[in-house]
Amino acid sequence: MRLGASALLLSAAWAADLAYACPSCASPLEENRQAFVDTTIFLTLVPLTMMAGFIWWVRRRIRAMDETPQIPVPESLLRDAGPFSKGR
């Protein structure tokens with residue numbers, strides 16, 4: 001069992017040398033390299049933009065909640081609060 005696993009691991013390590021790189025990364029064509037760079041930029045900016053948009057939305061909601069008017073409490077309720085009222 002161990003011999004088979006060792007042989008499989010060794011052959012996988014040797015086979016990796018044959019792969020070199022993907023066609024886009026190592027291509028001599030400028031169009032392929034430019035497509036790889038453009039895709040990398042796109043896949044970097046999209047998640048960052050989504051996170052920034054979510055943070056902006058949360059901040060806007062918090063500010064909107066802070067600006068909401070408080071419900072007025074009648075003075076009669078404040079007077080009848082017993083020993084915990086403001087007047088005592």
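Residues are numbered from 1 along each chain as its sequence is written. In this predicted model, local features need pLDDT of at least 70 and side-chain atom pairs count only at pLDDT 80 or more, while totals for chains, interfaces and linings use all residues, and side-chain values rest on heavy atoms, with hydrogens and water left out.

Let me begin with the fold. The protein chain has four helices and zero strands, in the order α-α-α-α from the N terminus. Helices here are DSSP runs of H or I with at least four residues, and strands are runs of E with at least two, numbered from the N terminus.

Next, confidence. The mean pLDDT, the predictor's confidence in each residue from 0 to 100, is 78 for the protein chain, and 68% of the residues score at least 70. Where pLDDT is low, the predicted coordinates should not be read in detail.

The protein chain exposes about 8,600 Å², of which carbon and sulfur atoms supply 68%.

Now helix α3. Leu 45 lies in this helix, which spans residues 30-66, and is partly exposed, at a relative accessible area of 46%.

Finally, helix α1. Ser 6 belongs to this helix, residues 2-19, and is likewise partly exposed, with a relative accessible area of 45%. A polar atom of the Ser 6 side chain lies 2.8 Å from the backbone oxygen of Arg 2.

Conventions. Buried means under 20% relative accessible area, exposed over 50%, partly exposed in between (1.4 Å probe, protein chains only). Accessible areas come from the Shrake-Rupley method with a 1.4 Å probe; for residues, only the protein chains shown count as cover. A polar contact is a pair of N or O atoms within 3.5 Å; within protein, one must be able to donate a hydrogen and the other to accept it, and residues adjacent in sequence count only if both atoms are side-chain atoms.
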